[in-house]
Amino acid sequence: MDLKFTAFGIIARPVGEVFEAVVDPARLSAYFATGGAHGRLEQGARATWDFADFPGAFPVEVVEVVRDERIVLRWGLDDDPHRPEGAVETEVTMLFTDTGDGRTRIEIGESGWPETQAGLDMSYGNCMGWSHFICLLKVWIEHGIRLRDGFYK
């Protein structure tokens with residue numbers, strides 16, 4: 001059994017605008033990393049994401065970036081202070097596709113959990129989180145609404 005998932009959504013904005021809303025730390029901080037994103041998502045870089053509702057920086061390793069097409073990240077790194085007991089590093093792949101009508105399909109997949117009950121539980125939690133990320137991005141970039149504010153606390 002290979003524990004992995006994929007979530008997707010359609011954003012009513014061009015690919016370049018959606019892609020930039022993910023890689024630019026100032027924009028990412030507006031709707032997702034509400035405690036502050038630090039470091040642009042560029043290949044070979046290391047960024048941190050902090051959340052007002054889950055304080056403390058989460059380190060993110062940027063494995064690959066293909067402008068307006070793909071971002072590959074690793075997180076759950078050994079030096080992540082939020083890494084749960086038994087957790088492992090996982091890989092996140094974000095795909096950006098032009099739908100042909102000025103909108104963007106964003107697909108986010110994550111894999112790499114241990115084939116245990118704890119691994120399955122963590123994968124479910126992250127699937128919820130990435131689905132939420134897509135919703136946050138959509139309402140922020142289309143309507144300027146910060147949906148995350150007060151969502152978890």
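Is Asp68 buried, partly exposed or exposed? I looked this up before anything else. Asp68 counts as partly exposed, because its relative accessibility is 27%, and the partly exposed class lies between under 20% for buried and over 50% for exposed.

**Entry: confidence.** I note that this is a predicted model. I read a mean pLDDT of 91 for the protein chain, with 93% of its residues at 70 or more. Confidence is highest in helix α1, residues 15-23, at 98. Strand β4, residues 54-66, has the lowest confidence, at a mean of 90.

**Entry: the strands.** I started from β3, residues 46-51, which pairs with β4 in the antiparallel sense over six bridges. The hairpin that joins β3 to β4 passes through two residues.

Entry: I placed Asp68 in the loop between β4 and β5, the latter being residues 70-75. The hairpin of these two strands has three residues between them. I checked the backbone of Asp68 and found phi near 65°, a positive value in a residue that is not glycine.

**Entry: helix α1.** How many of the nine residues of α1 are buried? I found seven, so the helix is largely enclosed by the rest of the structure. I wrote down the buried ones: Val15, Val18, Phe19, Glu20, Ala21, Val22 and Val23.

**Entry: the core.** I looked up the largest nonpolar core and found 38 residues in it. Phe32, Trp49, Met94, Trp130, Phe133 and Leu137 have the most contacts inside this core. Which helix gives the most to this core? I found that α3, residues 117-143, does, with seven residues.

I had already listed Val22 among the buried residues of α1. Phe32 and Met94 also stand in my list of residues with the most contacts inside the core.

Technical notes:
Residues numbered from 1 in each chain as written. Predicted model: local features only at pLDDT ≥ 70, side-chain atom pairs only at ≥ 80, totals over all residues. Heavy atoms only, no water. pLDDT = per-residue confidence, 0-100. Helix = DSSP H or I, 4+ residues; strand = E, 2+ residues; numbered from the N terminus. Buried < 20%, exposed > 50% of the residue type's maximum accessible area, 1.4 Å probe, protein only. Core = buried A, V, L, I, M, F, W, Y, C linked by side-chain atoms within 4.5 Å. Pairing = 2+ DSSP bridges.
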